[in-house]
Amino acid sequence: MFVYHIATAILVLGTSSAVIDAADISSARSRRALRGIDTIHHDASFLEETDNFWGRNLQEAKSIGSNDDKPTPRPTCVPSESPTDPPTMTPTRSPTNPPTMTPTLSPTGKPSAAPIVTSCSIGVEVSCTTEAATGGDTGQCADILAIGTRCDERATRMTMKYNGGDCTQSFNIQEIDQFGCVDTGAGPPTTGSVWIVVAALKDPATVYFEGSVEVGGTFDMFDGGERFEADSTVTVYPDSDKTEVLQVSNFHTSCSQNLFLKDKFGSIQVVEFENGQGIFSCFVDATYSYAIANTGSVNDA
């Protein structure tokens, strides 16, 4: 009975504590011996039953404790972050080039002396003389008297220059009923030669000029010293066949209307005329003389 009560008490305590180990059992045994339990004699079978009893109760206590009050698992630690990537092994840049070699040689000596300059001075003298009327009869071109450019008397001769080109280049102040110009196609060419016929407007049989003329060339209108008719006609052909007309122009030639040196009538231009007043021309015969001399010296310094 004594043993039973002790076992019951230990069973109750085991239930509340949930864990009973071998050390507790050994301690109980020691306390029991101190209380005089050692006076009780137990044989080997009794001790074996006692040990089995304690073993069964110990397993039951562990089972009850594990089913009712088993502690929850211990929380795991916060997982660490994933490890960083290992450092790259990018090689450094190649080292710069080694320093250059020894500096170049010192610069050459001072610049050479300035080159020798050879000077040459030339004197030029120009003289111009003319047979045209000059002031004080000096015969010098600088003294040529101004000439009239307007024809005031009916002329007996006119010098014309052929420029080529169409009627648009005409330049004069004659009235519209005194001057007219008509082109065929593009008009006369501005290079090469053409065939020109100049005649009286009212009497085509009176011819003042007929012949081939180069661009830039001149020709004379002349009727044996007779005065020109009031109006004249100029016809330009490609050649002497006269089968194709390039240009026809007419202008007043009696000088009762405006007629000046350098007037243009289509492809021709007045550059000189002669009448009772004299000869009036855009051109004056002159002679130029040149005298060239070396007026300097040469120094071989």
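Because the model is predicted, local features were taken at pLDDT of at least 70 and side-chain atom pairs at pLDDT 80 or more, whereas totals for chains, interfaces and linings use all residues. Residues are numbered from 1 along each chain as its sequence is written, and side-chain values use heavy atoms, with hydrogens and water left out.

With the bonded cysteines numbered in sequence order, the pairing reads 1-2, 3-6, 4-5. Secondary structure elements are DSSP runs numbered from the N terminus, with helices (H or I) of at least four residues and strands (E) of at least two. Burial is given by relative accessible area: buried is under 20%, exposed is over 50%, and partly exposed lies in between (1.4 Å probe, protein chains only).

In the disulfide of Cys128 and Cys141, the sulfur atoms are 1.7 Å apart. The torsion about this S-S bond is about -60°, so the link between Cys128 and Cys141 is left-handed. Cys128 belongs to strand β1 and Cys141 to the loop between β1 and β2 (157-162), so the pair joins parts 13 residues apart in sequence. Both Cys128 and Cys141 are buried.

Cys151 and Cys255 form another disulfide, with 1.9 Å between the sulfur atoms. The link of Cys151 and Cys255 is right-handed, with 85° about the S-S bond. Cys151 is placed in the loop between β1 and β2, and Cys255 in the loop between β8 (247-252) and β9 (264-265), so this pair ties together parts 104 residues apart in sequence. Cys151 and Cys255 are both buried.

The sulfur atoms of Cys167 and Cys181, which also form a disulfide, lie 1.9 Å apart. A value of -75° about the S-S bond makes the link of Cys167 and Cys181 left-handed. This pair connects distant parts of the chain, 14 residues apart, with Cys167 in the loop between β2 and β3 (180-183) and Cys181 in strand β3. Cys167 is buried because its relative accessibility is 15%, while Cys181, at 22%, is partly exposed. Cys282 is likewise partly exposed, at 33% relative accessibility.

Val126 is located in strand β1 (residues 122-130). Val126 has a relative accessible area of 52% and is therefore exposed. Apart from neighbours within four places in sequence, Val126 is in contact (heavy atoms within 4.5 Å) with Tyr288, Ser289 and Tyr290. The C-alpha atoms of Val126 and Ala291 are separated by 6.5 Å, although the two residues are 165 residues apart along the chain.

How values were computed. A disulfide is a pair of cysteine sulfur atoms within 2.5 Å.
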